[in-house]
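Student: I'd like to take a close look at one part of this protein with you. Could you walk me through it slowly and then show me what lies around it?

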Amino acid sequence: MKIYNAKKEITCDRKIVVDDMILTTDMPTTAGSKMLDGYVSLFEAEVLTRAGNAGYGVIGKTSVGEFAIDLVGETAQDGALIEDGILKSATAEAIKSGDAICAITLDVNGSVRRSVAQNSLVSVKPTYGTVSRYGTIPVACSGETVSVVAKTATACRELLDVIAGHDDKDGTSLPETEIAKVSETKPVRRIALLTDMTKGVDEETSARLDAFSKKLTALGVEVVSVENSIIPVSRVAWNILMSAELCNNVSRYDGVKYGYRAQNFTNIDELYTNSRTEAFGELLKTAIIFGSETLSTENYMKVYDKALRVRRVIVEEFARLFADYDAVLTPACSMMAYPESVRADKYISYKENFYTAPASITGLPAVVAEGAQLIGKAFSENALLDLVALCEKEGK
Amino acid sequence: MDRDTLRRLGMLNQLSLTDVQKEEIIAFFDERESEAKAELDVIDTSDVERMVHVMPVFTVVREDVASQPFTREALQAGAPETDEGYWCVPRVLE
């Protein structure tokens, strides 16, 4: 089973993999799409420069689903990774195998968090703007975040410390004064378990959530079940915003300057249309059309503008929750393994992101561990990781 | 969503769709529309400001210094076809 495109052997002790949304100069970056087959970037992502300066060495790149909007990578141009009828994530497999100690990924639509939950790994999606997105393939810029995956919270924390920080080259990078708030950690003492976010999960996922909740309680953290009808709306609003942003971002791929070019065409319109039609997969085409429709004159106010306003409602709802709680606890996926058969629903990632959309649409930090997801206040990622590290210590 | 609108959207986005894809996309749209009605439209946002950025955005400026970050060869390395330093663009004039 091929889980990553390996570089030549490196001697570094701190071996990492990066997913195919992160630009590298010595390996192709395809975003899982035929459109970028063989594309090699002129510059590398800022996060890789920082990781390299700190002694991390990239051993290879893991495949992602086309533009990272699918479940766990099953729409990758080189095919889905399937073992015993179960969909696998290349990034998660690379970490599980022990070949790499960490992975740097781009969390666009939650596929990273879903696979981490299913593989009992740890991931941190930091507060939006604290880690540079310079040199990542843009898809849904207002919510996507560079994330770190590892076997332990400590390993996540070490790499995150290295790659976080202001970057002039990223217009959405926060100033150092803001990013410094990450180190002002306050311990997590009260957690709201959002019962409305547990709807639709299977027995095993529910049991994992319950076990994690009990573990937190044993550590002296108060876990309170809370009903909330606003946070679950995140999915519908995020699907609109993600698709609208994706539609604009992938409009640059036309088969002329780089990437895939159709062989048969008789005029410029056919060149564009045939190149895009032949290179893009079905989920991506639907997302483009949907995003385009939400931005149309007829729907802009009714759909796109509405989703932007609902985003504020959700952000304010989280702020209300954080007045009483330090973090919220939710699942990261509905089941602990996706059978191959789920692919019969081509658009399942537009439903399964119910669990990951709240952190995506708000830019809040999310840590996935032990099959569950903790979402914290802005800049609380270190506090969340500290709590998970404590759980790991107690579990030994 | 009707077929005419879908055809127009396909054209605008430079995508050609098969009949099967059109049916699937129409069903996808119908589902998304129902969700929006059921979940978004029930939230009163008449007094709520839009939130485009979740974090404050700061204008980034840098010194206006001329530089040559990439060579012509490097810039053309990813092009489908080049010739003596020029991009080869397919013949498209009829």
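In which sense, parallel or antiparallel, do E11(A) and strand E13 (residues 372-376) of chain A pair, and over how many bridges?

Tutor: Happy to! Please keep in mind that this is a predicted model. E11(A) and E13(A) pair in the antiparallel sense, and five bridges join them. One place to look is A:Thr330, which stands opposite A:Gln373 in E13(A).

E11(A) also has strand E9 (residues 190-194) of chain A as a partner, and here the pairing is parallel, over three bridges. In that pairing, A:Leu193 stands opposite A:Leu329 in E11(A).

Now look at E11(A) itself, residues 327-331. The strand is mostly covered, with five of its five residues buried. In a regular strand, side chains alternate between the two faces of the sheet. Here A:Ala327, A:Leu329 and A:Pro331 point one way, while A:Val328 and A:Thr330 point the other way. Residues on both sides are buried.

In soluble globular proteins, nonpolar side chains tend to be buried together. The largest nonpolar core in this model has 132 residues, and those touching the most other members are A:Ile16, A:Ala103, A:Cys156, A:Ile191, A:Ala237 and A:Leu246. Helix H7(A) gives the most to this core, with nine residues. As for A:Ala103, its contacts beyond four places in sequence include A:Ile16, A:Val17, A:Val18, A:Thr62 and A:Val149.

H7(A), residues 234-249, also packs against helix H9 (residues 282-294) of chain A, with the axes 7 Å apart and an angle of about 100°. Angles of 65 to 115 degrees count as roughly perpendicular, so that is how H7(A) and H9(A) lie to each other. H7(A) brings A:Ile240, A:Ser243, A:Ala244, A:Leu246 and A:Cys247 to the contact, and among the residues from H9(A) are A:Ala287, A:Ile288 and A:Phe290. By type, the residues of this contact are seven nonpolar, four polar and no charged.

The contact between the chains comes next: 49 residues from chain A and 42 residues from chain B take part. On the side of chain A that touches chain B, H7, helix H8 (268-279), H9 and helix H10 (300-324) each supply at least two residues. H10(A) gives the most to that side, with 11 residues. The side of chain A divides into 24 nonpolar, 12 polar and 13 charged residues.

Let's finish with helix H1 (residues 46-53) of chain A, where A:Glu46, A:Val47, A:Leu48 and A:Ala51 are buried. Their cover includes strands E2 (14-19), E3 (56-62), E6 (102-107) and E8 (145-150) and helix H4 (153-163) of chain A. After H1(A) comes A:Gly55, which has a positive phi, near 95°. In the loop between E2 and H1 of chain A you will find A:Thr24. A:Thr24 counts as buried because it has 21 C-beta neighbours inside 10 Å, and the cut-off is 20 or more. Leaving out residues up to four places away in sequence, A:Thr24 touches A:Val18, A:Thr29, A:Ser41, A:Glu44, A:Leu48, A:Val58 and A:Lys61. One of these, A:Leu48, is a buried residue of H1(A).

How values were computed. Residues numbered from 1 in each chain as written. Chains lettered and ligands numbered in written order. Predicted model: local features only at pLDDT ≥ 70, side-chain atom pairs only at ≥ 80, totals over all residues. Axes fitted to C-alpha atoms, helices over the stretch in contact; angles between N-to-C directions. Helix = DSSP H or I, 4+ residues; strand = E, 2+ residues; numbered from the N terminus. Parallel < 35°, antiparallel > 145°, perpendicular 65-115°, else oblique. Contact = placed C-beta atoms within 7 Å. Nonpolar A, V, L, I, M, F, W, Y, C, P; charged D, E, K, R; others polar. Core = buried A, V, L, I, M, F, W, Y, C linked by C-beta atoms within 7 Å. Buried ≥ 20, exposed ≤ 12 C-beta atoms within 10 Å, placed from the backbone. Pairing = 2+ DSSP bridges.
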